Amino acid sequence: KMEEVKGFSKVGFKTNNAGLKKFINEIFETNGRDPVTKFAKEFSDGKRFVDLFNLIFDTSVKVPFSADNTLEDRLQNWNKINALICFNYLQQDFYLGAATMTTLAKGESADTLFHILRLLLNSSQVNFEDEIVDEAKQA
């Protein structure tokens with residue numbers, strides 16, 4: 001939920017993967033989810049990413065995931081995430097290129113995933129700051 005993300009510091013997580021892992025797991029655990037142990041592998045089908053997105057943005061975006069877990073199916077899942085979340089919901093705050101989606105679907109590079117998670121967290125801060133400005137204008 002937004003309250004847990006509010007205090008997030010962009011500076012503190014730039015290069016600290018241990019801190020980022022801890023922060024992501026705090027979000028999951030605070031919301032009754034299991035902690036992540038193998039980040040690249042557990043996020044490779046995109047389901048944990050969408051769950052995290054929904055928790056951070058306090059929304060319920062539904063992605064029609066593939067039932068299979070082949071590389072091709074995981075890649076299709078990331079394509080759907082790119083279309084539904086990156087392009088539609090986030091209005092292209094960031095988007096996923098083909099090489100990035102392939103790397104994420106393979107589940108072998110935590111560095112790529114951590115970069116994407118940082119982008120997601122930074123997008124949540126921008127959107128949260130926009131909400132504050134909008135509420136102030138309405139007051």
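Helices (H or I, at least four residues) and strands (E, at least two) are taken as DSSP runs, numbered from the N terminus. I am working with a predicted model, where local features need pLDDT of at least 70, side-chain atom pairs count only at pLDDT 80 or more, and totals for chains, interfaces and linings use all residues. Residues are numbered from 1 along each chain as its sequence is written, and side-chain values use heavy atoms, with hydrogens and water left out.

Entry 1, whole chain. I looked up the secondary structure and found seven helices and zero strands in the protein chain. The chain has 139 residues, and 42% of them count as buried (under 20% relative accessible area, with a 1.4 Å probe and protein chains only).

I found aspartate 58 in the loop between α4 (47-57) and α5 (71-89). Aspartate 58 is not a glycine, yet its phi is positive, about 50°. Most residues other than glycine have a negative phi. I then checked accessibility: at 52%, aspartate 58 counts as exposed (over 50%).

I read an angle of about 130° between α5 and α6 (residues 98-106), with the axes 9 Å apart; axes are lines fitted to C-alpha atoms over the stretch in contact, and angles run from 0 to 180 degrees between N-to-C directions. That angle makes α5 oblique to α6, oblique being what is left after under 35 degrees (roughly parallel), over 145 (roughly antiparallel) and 65 to 115 (roughly perpendicular).

Residues of α5, including Leu71 and Trp78, meet residues of α6, including Met101 and Leu104.

How values were computed. Contact = heavy atoms within 4.5 Å.
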